[in-house]
Amino acid sequence: MADYPESYKYTKEHEWISVDGDEGTIGITDHAQAELGDVVYVELPAVGDQLQAGQPFGTIESVKAVSELYAPISGEVTAIHEELVDQPELFNEDPHGAAWMVRMRVADSGEIDALMSSGDYVTFLESADGGH
Amino acid sequence: MSDDPKRTPLNQWHRDHGAKMVDFGGWDMPIQFDGILAEHEAVRQRAGLFDVSHMGEVRIQGDDALAFIQHLTTNDAGGLELGQAQYTVMTNHDGGVIDDLLVYRLADTDYLLVINAATTPKDVAWIEKQAEDFEGAFEVRNESDEWAQLALQGPDAEIILSRIVALDLGSIGYYRAAFTDLDGVQVLVSRTGYTGEDGFEVYLPPSQAPGLADTILDVGASEGVVPVGLGARDTLRLEAGMLLYGNDMDESRSPVEANLRWLTKPDKGDFIGKDAIVADIEAGTAERLVGFELVDRGVPRHGYELYGADEQAIGEVTSGTFSPTLRKGIGLGYVPVEHTAVGGMLRVDIRGRKLEARVVKTPFYRRPKPGKQHRKIEE
(Lines give C-alpha, C1' and ligand atoms only; values in the text may rest on other atoms or scores of the structure.)
Protein backbone atom coordinates (compact mmCIF):
# COMPACT_ATOMS: atom_id res chain seq x y z
CA MET A 1 0.00 0.00 0.00
CA ALA A 2 1.30 3.38 -1.00
CA ASP A 3 1.96 6.12 1.48
CA TYR A 4 -1.10 8.35 1.93
CA PRO A 5 -0.08 11.53 3.78
CA GLU A 6 -1.89 11.85 7.10
CA SER A 7 -2.25 15.60 6.70
CA TYR A 8 -4.39 15.14 3.55
CA LYS A 9 -8.10 14.39 3.27
CA TYR A 10 -9.47 11.94 0.69
CA THR A 11 -12.61 11.32 -1.36
CA LYS A 12 -14.33 8.21 -2.66
CA GLU A 13 -13.55 9.51 -6.14
CA HIS A 14 -9.86 9.07 -5.28
CA GLU A 15 -8.84 12.69 -4.95
CA TRP A 16 -6.85 14.24 -2.13
CA ILE A 17 -7.00 17.73 -0.70
CA SER A 18 -4.39 19.41 1.43
CA VAL A 19 -5.61 22.45 3.36
CA ASP A 20 -3.45 25.37 4.45
CA GLY A 21 -5.46 28.16 6.07
CA ASP A 22 -8.31 28.90 3.69
CA GLU A 23 -6.52 27.43 0.66
CA GLY A 24 -6.96 23.84 -0.47
CA THR A 25 -4.71 21.97 -2.93
CA ILE A 26 -6.19 19.07 -4.91
CA GLY A 27 -4.68 16.06 -6.63
CA ILE A 28 -5.48 12.45 -7.49
CA THR A 29 -4.41 9.61 -5.25
CA ASP A 30 -1.74 7.04 -5.89
CA HIS A 31 -4.50 4.46 -6.23
CA ALA A 32 -6.18 6.58 -8.93
CA GLN A 33 -3.01 6.93 -11.00
CA ALA A 34 -2.29 3.21 -10.68
CA GLU A 35 -5.80 2.38 -11.90
CA LEU A 36 -5.57 4.84 -14.79
CA GLY A 37 -2.10 3.84 -15.92
CA ASP A 38 0.00 6.22 -18.01
CA VAL A 39 -1.68 9.63 -17.94
CA VAL A 40 -1.45 11.50 -21.25
CA TYR A 41 -3.83 14.46 -20.95
CA VAL A 42 -5.55 16.48 -18.27
CA GLU A 43 -8.18 19.17 -18.63
CA LEU A 44 -8.19 21.60 -15.74
CA PRO A 45 -10.63 24.39 -14.87
CA ALA A 46 -9.73 28.08 -15.16
CA VAL A 47 -8.69 30.39 -12.36
CA GLY A 48 -11.83 31.98 -11.04
CA ASP A 49 -14.10 29.01 -11.76
CA GLN A 50 -16.45 28.07 -8.93
CA LEU A 51 -16.20 24.39 -8.04
CA GLN A 52 -19.09 22.55 -6.42
CA ALA A 53 -18.37 19.71 -4.03
CA GLY A 54 -18.96 16.37 -5.72
CA GLN A 55 -19.33 17.92 -9.18
CA PRO A 56 -16.96 17.27 -12.10
CA PHE A 57 -14.44 20.03 -12.78
CA GLY A 58 -12.20 18.44 -15.41
CA THR A 59 -11.03 15.20 -16.95
CA ILE A 60 -7.92 13.11 -16.80
CA GLU A 61 -7.04 10.78 -19.60
CA SER A 62 -4.65 7.85 -19.75
CA VAL A 63 -3.74 5.67 -22.71
CA LYS A 64 -6.49 3.24 -21.84
CA ALA A 65 -9.18 5.23 -20.03
CA VAL A 66 -10.71 8.60 -19.33
CA SER A 67 -11.94 9.66 -15.93
CA GLU A 68 -13.73 12.71 -14.59
CA LEU A 69 -12.26 14.80 -11.82
CA TYR A 70 -14.62 15.65 -8.96
CA ALA A 71 -14.29 18.59 -6.63
CA PRO A 72 -13.74 17.41 -3.03
CA ILE A 73 -15.20 20.67 -1.70
CA SER A 74 -16.81 23.85 -3.00
CA GLY A 75 -14.89 27.04 -3.68
CA GLU A 76 -13.19 29.31 -6.18
CA VAL A 77 -10.15 28.17 -8.18
CA THR A 78 -7.16 30.36 -7.28
CA ALA A 79 -4.43 28.57 -9.23
CA ILE A 80 -4.02 25.70 -11.68
CA HIS A 81 -0.92 23.62 -12.29
CA GLU A 82 -0.46 24.29 -16.00
CA GLU A 83 2.79 22.29 -16.28
CA LEU A 84 0.72 19.12 -15.94
CA VAL A 85 -0.64 19.68 -19.44
CA ASP A 86 2.86 19.20 -20.89
CA GLN A 87 4.11 16.84 -18.19
CA PRO A 88 1.22 14.45 -17.54
CA GLU A 89 3.72 11.80 -16.44
CA LEU A 90 3.96 13.69 -13.14
CA PHE A 91 0.62 12.10 -12.22
CA ASN A 92 2.24 8.69 -12.32
CA GLU A 93 5.56 9.75 -10.84
CA ASP A 94 4.46 11.86 -7.87
CA PRO A 95 0.67 11.88 -7.49
CA HIS A 96 0.66 13.21 -3.93
CA GLY A 97 3.18 15.99 -4.55
CA ALA A 98 4.39 17.37 -7.89
CA ALA A 99 1.13 16.43 -9.61
CA TRP A 100 -1.09 18.83 -7.66
CA MET A 101 -3.79 20.05 -10.04
CA VAL A 102 -5.72 22.94 -8.56
CA ARG A 103 -5.60 25.35 -5.64
CA MET A 104 -8.90 26.73 -4.40
CA ARG A 105 -10.36 28.93 -1.72
CA VAL A 106 -12.14 26.87 0.92
CA ALA A 107 -15.71 28.16 1.13
CA ASP A 108 -16.96 25.93 3.93
CA SER A 109 -14.47 24.19 6.23
CA GLY A 110 -17.29 21.86 7.32
CA GLU A 111 -16.95 20.15 3.92
CA ILE A 112 -13.31 19.29 4.76
CA ASP A 113 -14.29 17.61 8.00
CA ALA A 114 -16.68 15.33 6.11
CA LEU A 115 -13.89 13.86 3.96
CA MET A 116 -11.91 10.72 4.78
CA SER A 117 -8.70 10.66 6.76
CA SER A 118 -5.75 8.73 5.30
CA GLY A 119 -6.63 5.80 7.55
CA ASP A 120 -10.28 5.86 6.44
CA TYR A 121 -9.18 6.03 2.81
CA VAL A 122 -6.88 3.03 3.12
CA THR A 123 -9.74 1.11 4.75
CA PHE A 124 -11.99 2.26 1.91
CA LEU A 125 -9.48 0.99 -0.68
CA GLU A 126 -9.30 -2.36 1.03
CA SER A 127 -13.08 -2.67 1.01
CA ALA A 128 -14.92 -3.97 -2.04
CA ASP A 129 -16.17 -0.51 -3.01
CA GLY A 130 -12.85 1.22 -3.18
CA GLY A 131 -10.22 -1.22 -4.23
CA HIS A 132 -11.78 -2.99 -7.24
CA MET B 1 -20.31 -13.96 -19.71
CA SER B 2 -21.18 -16.23 -16.84
CA ASP B 3 -18.47 -18.81 -17.49
CA ASP B 4 -15.16 -18.51 -15.71
CA PRO B 5 -12.65 -16.78 -17.92
CA LYS B 6 -10.30 -19.05 -19.83
CA ARG B 7 -6.64 -19.07 -18.92
CA THR B 8 -3.57 -19.45 -21.07
CA PRO B 9 -0.66 -21.61 -19.86
CA LEU B 10 1.08 -18.35 -18.89
CA ASN B 11 -1.67 -17.14 -16.55
CA GLN B 12 0.35 -17.68 -13.40
CA TRP B 13 3.50 -16.46 -15.16
CA HIS B 14 1.77 -13.13 -15.85
CA ARG B 15 0.74 -12.77 -12.22
CA ASP B 16 4.27 -13.62 -11.10
CA HIS B 17 5.56 -10.86 -13.36
CA GLY B 18 3.27 -8.21 -11.91
CA ALA B 19 0.60 -8.11 -14.61
CA LYS B 20 -2.69 -6.32 -14.18
CA MET B 21 -5.24 -8.80 -15.51
CA VAL B 22 -8.48 -8.12 -17.41
CA ASP B 23 -11.17 -10.10 -19.15
CA PHE B 24 -10.59 -10.06 -22.91
CA GLY B 25 -13.16 -11.91 -24.99
CA GLY B 26 -13.67 -14.47 -22.25
CA TRP B 27 -9.94 -14.81 -21.48
CA ASP B 28 -8.14 -13.69 -18.33
CA MET B 29 -5.28 -11.76 -19.93
CA PRO B 30 -2.61 -9.24 -18.89
CA ILE B 31 -3.54 -5.67 -19.86
CA GLN B 32 -0.19 -4.32 -18.73
CA PHE B 33 2.93 -5.06 -16.71
CA ASP B 34 5.10 -1.96 -16.14
CA GLY B 35 2.84 0.37 -18.07
CA ILE B 36 1.53 0.73 -21.58
CA LEU B 37 3.92 3.53 -22.61
CA ALA B 38 7.02 1.74 -21.34
CA GLU B 39 5.99 -1.55 -22.93
CA HIS B 40 5.14 0.15 -26.20
CA GLU B 41 8.51 1.87 -26.32
CA ALA B 42 10.32 -1.36 -25.50
CA VAL B 43 8.80 -3.02 -28.57
CA ARG B 44 9.57 -0.05 -30.84
CA GLN B 45 13.15 0.31 -29.54
CA ARG B 46 14.22 -3.12 -28.30
CA ALA B 47 11.95 -6.14 -27.91
CA GLY B 48 8.78 -7.21 -26.14
CA LEU B 49 7.32 -10.60 -25.30
CA PHE B 50 3.57 -11.21 -25.75
CA ASP B 51 1.43 -14.15 -24.72
CA VAL B 52 -0.99 -14.73 -27.59
CA SER B 53 -1.92 -18.25 -26.59
CA HIS B 54 -5.57 -17.22 -26.53
CA MET B 55 -5.60 -17.18 -30.34
CA GLY B 56 -7.42 -20.12 -31.93
CA GLU B 57 -5.90 -22.70 -34.29
CA VAL B 58 -7.74 -24.86 -36.78
CA ARG B 59 -5.91 -27.57 -38.73
CA ILE B 60 -7.12 -28.53 -42.19
CA GLN B 61 -5.48 -31.57 -43.74
CA GLY B 62 -6.09 -33.70 -46.77
CA ASP B 63 -5.89 -33.79 -50.55
CA ASP B 64 -8.69 -31.25 -50.85
CA ALA B 65 -7.61 -29.04 -47.94
CA LEU B 66 -6.47 -26.30 -50.30
CA ALA B 67 -9.69 -26.40 -52.31
CA PHE B 68 -11.69 -26.01 -49.09
CA ILE B 69 -9.53 -23.11 -47.87
CA GLN B 70 -9.93 -21.41 -51.25
CA HIS B 71 -13.71 -21.75 -50.80
CA LEU B 72 -13.59 -20.50 -47.20
CA THR B 73 -11.29 -17.48 -47.50
CA THR B 74 -11.05 -14.51 -49.86
CA ASN B 75 -7.30 -14.41 -50.52
CA ASP B 76 -5.60 -16.83 -52.91
CA ALA B 77 -3.89 -19.56 -50.89
CA GLY B 78 -3.06 -21.44 -54.10
CA GLY B 79 0.41 -20.00 -54.39
CA LEU B 80 1.49 -20.63 -50.81
CA GLU B 81 4.84 -22.37 -50.58
CA LEU B 82 5.74 -24.76 -47.78
CA GLY B 83 6.17 -22.74 -44.61
CA GLN B 84 4.56 -19.65 -46.05
CA ALA B 85 1.85 -17.69 -44.24
CA GLN B 86 -0.91 -15.53 -45.66
CA TYR B 87 -3.15 -12.89 -44.14
CA THR B 88 -6.74 -13.31 -45.25
CA VAL B 89 -10.39 -13.06 -44.19
CA MET B 90 -13.37 -15.38 -44.11
CA THR B 91 -16.61 -13.81 -45.25
CA ASN B 92 -20.25 -14.85 -45.02
CA HIS B 93 -22.54 -15.16 -48.04
CA ASP B 94 -23.22 -11.41 -47.95
CA GLY B 95 -19.51 -10.64 -48.03
CA GLY B 96 -19.41 -9.62 -44.35
CA VAL B 97 -16.19 -10.42 -42.52
CA ILE B 98 -16.51 -13.40 -40.16
CA ASP B 99 -12.90 -13.10 -39.04
CA ASP B 100 -9.43 -12.17 -40.19
CA LEU B 101 -6.87 -14.92 -39.95
CA LEU B 102 -3.52 -16.32 -40.98
CA VAL B 103 -3.23 -19.42 -43.15
CA TYR B 104 0.02 -21.38 -42.87
CA ARG B 105 0.93 -24.08 -45.32
CA LEU B 106 2.76 -26.50 -43.03
CA ALA B 107 3.15 -29.38 -45.50
CA ASP B 108 1.88 -30.34 -48.94
CA THR B 109 -1.72 -30.90 -47.89
CA ASP B 110 -1.53 -29.62 -44.31
CA TYR B 111 -2.69 -26.12 -43.35
CA LEU B 112 -3.01 -24.26 -40.05
CA LEU B 113 -5.53 -21.45 -39.69
CA VAL B 114 -4.90 -18.97 -36.85
CA ILE B 115 -8.05 -17.15 -35.79
CA ASN B 116 -9.00 -14.58 -33.17
CA ALA B 117 -9.59 -15.67 -29.59
CA ALA B 118 -13.01 -14.11 -29.02
CA THR B 119 -14.32 -15.45 -32.32
CA THR B 120 -12.89 -18.96 -32.02
CA PRO B 121 -16.17 -20.73 -31.10
CA LYS B 122 -18.05 -18.88 -33.86
CA ASP B 123 -15.30 -19.49 -36.41
CA VAL B 124 -15.00 -23.19 -35.63
CA ALA B 125 -18.76 -23.64 -35.96
CA TRP B 126 -18.73 -21.76 -39.27
CA ILE B 127 -15.77 -23.71 -40.66
CA GLU B 128 -17.27 -27.05 -39.62
CA LYS B 129 -20.60 -26.11 -41.19
CA GLN B 130 -18.94 -25.15 -44.46
CA ALA B 131 -16.90 -28.35 -44.37
CA GLU B 132 -20.08 -30.44 -44.14
CA ASP B 133 -21.37 -28.81 -47.30
CA PHE B 134 -18.11 -29.09 -49.23
CA GLU B 135 -17.32 -32.24 -51.15
CA GLY B 136 -13.77 -33.45 -50.80
CA ALA B 137 -11.12 -35.37 -48.93
CA PHE B 138 -10.04 -33.24 -45.98
CA GLU B 139 -10.40 -33.04 -42.22
CA VAL B 140 -11.02 -30.05 -39.97
CA ARG B 141 -9.67 -30.17 -36.45
CA ASN B 142 -9.93 -27.51 -33.76
CA GLU B 143 -6.43 -27.51 -32.23
CA SER B 144 -6.89 -24.33 -30.19
CA ASP B 145 -6.17 -26.10 -26.90
CA GLU B 146 -3.06 -27.78 -28.28
CA TRP B 147 -1.12 -24.63 -29.18
CA ALA B 148 0.31 -21.90 -27.05
CA GLN B 149 1.72 -18.89 -28.86
CA LEU B 150 4.39 -16.41 -27.82
CA ALA B 151 5.21 -13.34 -29.89
CA LEU B 152 8.63 -11.73 -29.62
CA GLN B 153 8.50 -8.38 -31.39
CA GLY B 154 10.90 -5.53 -31.91
CA PRO B 155 14.21 -4.71 -33.61
CA ASP B 156 16.11 -7.00 -31.23
CA ALA B 157 13.70 -9.94 -31.57
CA GLU B 158 15.88 -11.83 -34.05
CA ILE B 159 19.10 -11.58 -32.07
CA ILE B 160 17.34 -12.72 -28.88
CA LEU B 161 15.50 -15.63 -30.46
CA SER B 162 18.64 -16.73 -32.32
CA ARG B 163 20.19 -17.57 -28.92
CA ILE B 164 17.37 -20.03 -28.24
CA VAL B 165 16.44 -21.82 -31.44
CA ALA B 166 18.77 -23.73 -33.75
CA LEU B 167 17.26 -22.18 -36.87
CA ASP B 168 19.02 -19.68 -39.11
CA LEU B 169 16.44 -16.98 -38.48
CA GLY B 170 17.95 -14.73 -41.12
CA SER B 171 16.78 -17.24 -43.72
CA ILE B 172 13.14 -16.96 -42.57
CA GLY B 173 11.57 -14.16 -44.59
CA TYR B 174 8.56 -12.05 -43.72
CA TYR B 175 5.44 -14.21 -43.51
CA ARG B 176 7.53 -17.38 -43.56
CA ALA B 177 7.73 -20.06 -40.88
CA ALA B 178 9.73 -23.14 -40.07
CA PHE B 179 9.54 -26.00 -37.56
CA THR B 180 12.42 -26.53 -35.22
CA ASP B 181 13.26 -28.64 -32.20
CA LEU B 182 13.14 -26.91 -28.84
CA ASP B 183 13.90 -29.02 -25.78
CA GLY B 184 12.81 -32.11 -27.63
CA VAL B 185 9.51 -30.81 -28.99
CA GLN B 186 8.62 -29.40 -32.37
CA VAL B 187 7.76 -25.70 -32.40
CA LEU B 188 6.76 -23.47 -35.30
CA VAL B 189 8.73 -20.22 -35.64
CA SER B 190 7.05 -17.64 -37.83
CA ARG B 191 8.22 -14.19 -38.92
CA THR B 192 4.86 -12.50 -38.36
CA GLY B 193 3.34 -10.14 -35.84
CA TYR B 194 0.81 -7.50 -34.92
CA THR B 195 3.01 -4.58 -33.93
CA GLY B 196 4.54 -3.04 -37.06
CA GLU B 197 7.98 -4.18 -35.95
CA ASP B 198 10.11 -7.07 -37.12
CA GLY B 199 9.58 -10.10 -34.96
CA PHE B 200 8.46 -13.67 -34.54
CA GLU B 201 5.53 -15.70 -33.35
CA VAL B 202 6.33 -19.10 -31.88
CA TYR B 203 3.65 -21.82 -31.80
CA LEU B 204 4.36 -24.52 -29.25
CA PRO B 205 2.74 -27.03 -26.90
CA PRO B 206 1.12 -25.28 -23.90
CA SER B 207 3.33 -27.12 -21.41
CA GLN B 208 6.44 -25.58 -22.98
CA ALA B 209 5.22 -21.98 -22.95
CA PRO B 210 6.26 -20.83 -19.46
CA GLY B 211 9.74 -22.27 -19.95
CA LEU B 212 10.22 -20.48 -23.25
CA ALA B 213 8.92 -17.22 -21.78
CA ASP B 214 11.45 -17.49 -18.94
CA THR B 215 14.26 -18.26 -21.37
CA ILE B 216 13.39 -15.28 -23.60
CA LEU B 217 13.43 -12.87 -20.65
CA ASP B 218 16.65 -14.43 -19.45
CA VAL B 219 18.68 -14.42 -22.67
CA GLY B 220 17.15 -11.10 -23.78
CA ALA B 221 17.93 -9.27 -20.55
CA SER B 222 20.95 -7.57 -22.12
CA GLU B 223 18.69 -6.09 -24.81
CA GLY B 224 16.06 -5.09 -22.26
CA VAL B 225 13.25 -7.37 -23.40
CA VAL B 226 10.08 -6.96 -21.30
CA PRO B 227 6.73 -8.73 -21.06
CA VAL B 228 4.00 -6.77 -22.85
CA GLY B 229 0.26 -6.78 -22.21
CA LEU B 230 -2.78 -6.28 -24.38
CA GLY B 231 -2.80 -2.52 -23.75
CA ALA B 232 0.45 -1.94 -25.63
CA ARG B 233 -0.47 -4.63 -28.14
CA ASP B 234 -3.43 -2.43 -29.07
CA THR B 235 -1.47 0.83 -29.33
CA LEU B 236 1.24 -0.93 -31.36
CA ARG B 237 -1.13 -2.56 -33.83
CA LEU B 238 -3.17 0.60 -34.28
CA GLU B 239 -0.09 2.73 -35.02
CA ALA B 240 0.83 0.07 -37.58
CA GLY B 241 -2.60 0.44 -39.19
CA MET B 242 -3.61 -3.13 -38.43
CA LEU B 243 -7.29 -3.83 -37.88
CA LEU B 244 -8.88 -5.41 -34.83
CA TYR B 245 -11.72 -7.80 -35.52
CA GLY B 246 -14.89 -6.83 -33.67
CA ASN B 247 -13.88 -3.17 -33.71
CA ASP B 248 -12.65 -2.27 -37.18
CA MET B 249 -14.43 -5.03 -39.04
CA ASP B 250 -17.33 -7.34 -38.39
CA GLU B 251 -20.02 -9.24 -40.25
CA SER B 252 -21.77 -6.01 -41.27
CA ARG B 253 -18.73 -4.81 -43.24
CA SER B 254 -17.21 -6.23 -46.40
CA PRO B 255 -13.43 -6.39 -46.80
CA VAL B 256 -13.78 -3.70 -49.46
CA GLU B 257 -15.31 -1.29 -46.96
CA ALA B 258 -12.58 -2.23 -44.47
CA ASN B 259 -9.82 -1.28 -46.96
CA LEU B 260 -8.96 -4.96 -47.24
CA ARG B 261 -9.69 -5.24 -50.93
CA TRP B 262 -6.08 -6.41 -51.36
CA LEU B 263 -7.10 -9.59 -49.51
CA THR B 264 -9.82 -10.41 -52.03
CA LYS B 265 -8.90 -12.36 -55.17
CA PRO B 266 -12.02 -12.88 -57.28
CA ASP B 267 -9.91 -14.30 -60.12
CA LYS B 268 -8.96 -17.37 -58.08
CA GLY B 269 -12.42 -18.96 -58.52
CA ASP B 270 -15.48 -19.25 -56.33
CA PHE B 271 -15.45 -18.49 -52.64
CA ILE B 272 -18.07 -17.72 -50.03
CA GLY B 273 -19.23 -14.12 -50.33
CA LYS B 274 -17.59 -13.58 -53.72
CA ASP B 275 -20.65 -12.13 -55.49
CA ALA B 276 -21.18 -9.49 -52.81
CA ILE B 277 -17.49 -8.61 -52.72
CA VAL B 278 -17.26 -8.31 -56.51
CA ALA B 279 -20.30 -6.03 -56.42
CA ASP B 280 -18.58 -3.85 -53.80
CA ILE B 281 -15.40 -3.72 -55.87
CA GLU B 282 -17.27 -2.78 -59.05
CA ALA B 283 -19.81 -0.34 -57.63
CA GLY B 284 -17.78 0.96 -54.72
CA THR B 285 -19.17 1.16 -51.21
CA ALA B 286 -21.00 4.04 -49.57
CA GLU B 287 -18.62 4.04 -46.61
CA ARG B 288 -15.01 3.14 -46.05
CA LEU B 289 -12.67 2.75 -43.16
CA VAL B 290 -10.43 5.77 -42.76
CA GLY B 291 -7.48 6.66 -40.53
CA PHE B 292 -7.34 10.02 -38.80
CA GLU B 293 -5.18 11.88 -36.32
CA LEU B 294 -6.33 14.49 -33.85
CA VAL B 295 -5.17 18.04 -34.53
CA ASP B 296 -6.34 19.13 -31.08
CA ARG B 297 -5.27 17.48 -27.84
CA GLY B 298 -7.48 14.54 -27.10
CA VAL B 299 -7.86 10.78 -27.33
CA PRO B 300 -10.46 9.33 -29.69
CA ARG B 301 -11.95 6.13 -28.35
CA HIS B 302 -14.12 3.29 -29.65
CA GLY B 303 -17.71 4.46 -30.11
CA TYR B 304 -17.09 8.22 -30.22
CA GLU B 305 -19.04 9.91 -33.02
CA LEU B 306 -17.39 11.37 -36.12
CA TYR B 307 -18.58 14.54 -37.84
CA GLY B 308 -17.79 16.40 -41.04
CA ALA B 309 -18.57 20.08 -41.32
CA ASP B 310 -22.26 19.56 -40.54
CA GLU B 311 -24.01 18.94 -37.28
CA GLN B 312 -25.00 15.43 -38.26
CA ALA B 313 -22.78 12.53 -37.25
CA ILE B 314 -21.28 10.66 -40.20
CA GLY B 315 -19.74 7.72 -38.43
CA GLU B 316 -18.11 6.31 -35.31
CA VAL B 317 -14.60 5.66 -34.11
CA THR B 318 -13.97 1.91 -34.37
CA SER B 319 -10.49 2.04 -32.79
CA GLY B 320 -8.82 4.99 -31.16
CA THR B 321 -5.97 5.65 -28.82
CA PHE B 322 -3.21 7.97 -27.80
CA SER B 323 -0.29 7.12 -30.06
CA PRO B 324 2.80 6.81 -27.85
CA THR B 325 5.12 7.20 -30.85
CA LEU B 326 3.37 10.17 -32.47
CA ARG B 327 2.28 11.72 -29.16
CA LYS B 328 -1.21 12.45 -30.45
CA GLY B 329 -4.63 10.89 -30.72
CA ILE B 330 -5.14 8.51 -33.66
CA GLY B 331 -8.08 6.44 -34.78
CA LEU B 332 -10.00 4.52 -37.40
CA GLY B 333 -13.65 4.80 -38.34
CA TYR B 334 -16.16 4.21 -41.10
CA VAL B 335 -17.29 7.37 -42.88
CA PRO B 336 -19.02 8.11 -46.21
CA VAL B 337 -16.51 7.88 -49.08
CA GLU B 338 -16.72 11.61 -49.75
CA HIS B 339 -15.01 12.12 -46.38
CA THR B 340 -12.13 9.71 -46.97
CA ALA B 341 -9.70 11.91 -48.93
CA VAL B 342 -6.31 12.19 -47.24
CA GLY B 343 -5.90 15.66 -45.74
CA GLY B 344 -9.63 16.15 -45.31
CA MET B 345 -10.96 17.34 -41.97
CA LEU B 346 -13.17 15.40 -39.60
CA ARG B 347 -14.34 16.21 -36.11
CA VAL B 348 -14.47 13.75 -33.23
CA ASP B 349 -17.04 14.24 -30.50
CA ILE B 350 -14.99 13.78 -27.35
CA ARG B 351 -17.40 14.04 -24.45
CA GLY B 352 -19.43 16.84 -26.01
CA ARG B 353 -16.58 18.77 -27.61
CA LYS B 354 -15.99 18.36 -31.32
CA LEU B 355 -12.23 18.24 -31.78
CA GLU B 356 -10.51 18.63 -35.15
CA ALA B 357 -9.01 15.59 -36.82
CA ARG B 358 -7.25 15.12 -40.16
CA VAL B 359 -7.66 12.15 -42.47
CA VAL B 360 -4.24 10.52 -42.92
CA LYS B 361 -2.75 7.57 -44.74
CA THR B 362 -2.30 4.43 -42.74
CA PRO B 363 -0.16 3.00 -41.28
CA PHE B 364 0.22 5.89 -38.84
CA TYR B 365 3.68 4.57 -38.05
CA ARG B 366 6.19 2.79 -40.27
CA ARG B 367 9.31 1.31 -38.77
CA PRO B 368 12.44 3.13 -39.90
CA LYS B 369 14.36 0.14 -41.26
CA PRO B 370 13.51 -0.17 -44.96
CA GLY B 371 13.42 -3.30 -47.06
CA LYS B 372 10.82 -5.48 -45.41
CA GLN B 373 7.30 -5.79 -46.69
CA HIS B 374 4.46 -4.51 -44.54
CA ARG B 375 1.04 -5.83 -43.83
CA LYS B 376 -0.97 -2.85 -44.99
CA ILE B 377 -4.55 -1.71 -45.09
CA GLU B 378 -4.02 0.63 -48.00
CA GLU B 379 -4.57 -0.80 -51.46
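Q: How many residues of chain A are in contact with chain B, and how many of chain B with chain A?
A: In this predicted model, nine residues of chain A are in contact with twelve residues of chain B.

Q: Which elements of chain A give two or more residues to that side?
A: Those elements are β4 (39-43) and β6 (56-62) of chain A.

Q: And how do the residues on that side of chain A divide by type?
A: On the side of chain A that touches chain B, four residues are nonpolar, two are polar and three are charged.

Q: Stepping back, how many helices and strands are there in chain A?
A: Chain A has six helices and nine strands. Its radius of gyration is 14 Å, close to the 14 Å that the globule rule gives for 132 residues, so chain A is as compact as a globular protein of that length.

Q: What box do its C-alpha atoms fill, and what share of chain A counts as buried?
A: Taken along the principal axes, the C-alpha atoms of chain A fill a box of roughly 35 × 35 × 20 Å, and 36% of its 132 residues count as buried.

Q: Switching to chain B, which domains is it divided into?
A: Chain B is divided into domain 1 (11-52 + 147-239), domain 2 (56-121) and domain 3 (286-360).

Q: What separates the centres of domain 1 and domain 2 of chain B, and how many residues does each give to their contact?
A: The centres, taken over C-alpha atoms, are separated by 23 Å, while the contact takes ten residues from domain 1 of chain B and nine residues from domain 2 of chain B. On the domain 1 side of that contact, five residues are nonpolar, four are polar and one is charged.

Methods: Residues numbered from 1 in each chain as written. Chains lettered and ligands numbered in written order. Predicted model: local features only at pLDDT ≥ 70, side-chain atom pairs only at ≥ 80, totals over all residues. Helix = DSSP H or I, 4+ residues; strand = E, 2+ residues; numbered from the N terminus. Rg over C-alpha atoms; globule rule 2.2 N^0.38 Å. Buried ≥ 20, exposed ≤ 12 C-beta atoms within 10 Å, placed from the backbone. Contact = placed C-beta atoms within 7 Å. Nonpolar A, V, L, I, M, F, W, Y, C, P; charged D, E, K, R; others polar. Domains from an automatic or database assignment.
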